[in-house]
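Please look at the sequence and the structure shown here before reading on. The paragraphs below then lead you through them step by step.

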Amino acid sequence: MTPRRSIIPVFVPHLGCPHMCVFCNQRRISGESGPATAEDVRKAIIEGRSRLGNGAAATLAFYGGSFTAIPPEEQEALLGAAQPFLRDGSISDIRLSTRPDAIDSVTLERLKRYGVRTVELGVQSMDDLVLRASERGHTAEDARRAAGMVRDAGFELILQMMTGLPGDTPERSIYTARELVKLRPDGVRVYPTVIIRDTPLYDMWRAGLYREHTTDDAVELCAIISDIFAEAGIPIIRLGLNPTDDLSEGDAVAGAYHPALGELVLARRFLTRERAELTDSDRGAEVVFAVKKGRVSAAIGQKRGNAEALRREFGVRSVRFVERDMPDVTVKRIK
Ligand code: SF4
């Protein structure tokens, strides 16, 4: 697993995007407006360094937009602004995110030259029907090709997928997760769809052409998807959109927007395992589960949701958890 590094973020909203994906309004997602400039990069690094203090390694991260789809001279201006800071050790490396159809060998050579270590690809779905319905403008095959090129060129590869897109189903999202595993990424980000104001998806939802992917839908599905990545040894480095003031104060109109989505998904993974340990003959039982140290609250669930669900579903009298030395996200019934 990649060690955690402190991040100095620079947002490049919609820079380079050939068109609008139906769900996306990068300005509202990032809370930023206008394209980033070389001066913004310099300022972000200087501010980031003073915030982080001496010592901690820092990664400069270009988020949003489609970095490698912007004109090469603009890419070079942004990356060039970071070079003095790479040389003097103020930052240790650079990461950026882009689209699968904006990767070719010339681009990858440029990124290598400027010290980029990590390339994130917004794959979103491996189902072409879903990609079309979401107006992504690329295919699943583009994602396979780009991921292979990024990996073969020696970059760290991070893949992003979404759930609940137009045309999507739980089966299609699970297929996407399995296909992503085959591309052997170093990590993944999973973003359940959120309906954001001023997007085509918002209009589709209002017109009744798109059914909301609720937080409950997302928790159920992402618990399964998390198990797929965990079994493959691939870390999920982010689950759910980063909360921002704008999103929390109304720009996230509907869909799977929850500041603690990752915790809800973890609790659901535990609930699945707890259910598997009980049967109808446990009515009235006082059940005790062992879980890994530090995992008791996840195993109980938010507001004791898991314990309550087990009481309701199996009629058990009580559910208790104790800590033991055991693998993560496993439960063992000891009474
Ligand atoms: S999802 Fe990515 S490629 Fe699509 S519009 Fe947003 S930033 Fe651009």
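This is a predicted model: local features need pLDDT of at least 70, side-chain atom pairs count only at pLDDT 80 or more; totals for chains, interfaces and linings use all residues.

Residues are numbered from 1 along each chain as its sequence is written.

Helices (H or I, at least four residues) and strands (E, at least two) are DSSP runs, numbered from the N terminus, and two strands pair if DSSP finds at least two bridges between them. Seven strands form an open sheet in the order S1-S2-S3-S4-S5-S6-S8, and their pairing is parallel. Strand S1 (6-11) and strand S8 (236-239) stand at the edges with a single partner strand each, so one side of each is left without a neighbour in the sheet. S1 is joined to strand S2 (residues 58-63) by six bridges, the two running parallel, and Ser 6 stands opposite Ala 58 in S2.

Helix H9 (residues 215-231) lies across strand S5 (156-163), strand S6 (187-192) and S8, and runs at about 170 degrees to S6; here axes are lines fitted to C-alpha atoms, for helices over the stretch in contact, and angles run from 0 to 180 degrees between N-to-C directions.

Ala 147 belongs to helix H6 (residues 140-152). Ala 147 counts as buried because it has 23 C-beta neighbours inside 10 Å, where the limit for buried is 20 or more other C-beta atoms within 10 Å, with C-beta atoms placed from the backbone. Leaving aside residues up to four places away in sequence, Ala 147 touches Leu 121, Leu 157, Leu 159 and Leu 183, a contact meaning that the C-beta atoms, placed from the backbone, lie within 7 Å.

Note on methods: A residue is buried if 20 or more other C-beta atoms lie within 10 Å of its own, exposed if 12 or fewer, and partly exposed in between; C-beta atoms are placed from the backbone. Two residues are in contact if their C-beta atoms, placed from the backbone, lie within 7 Å.
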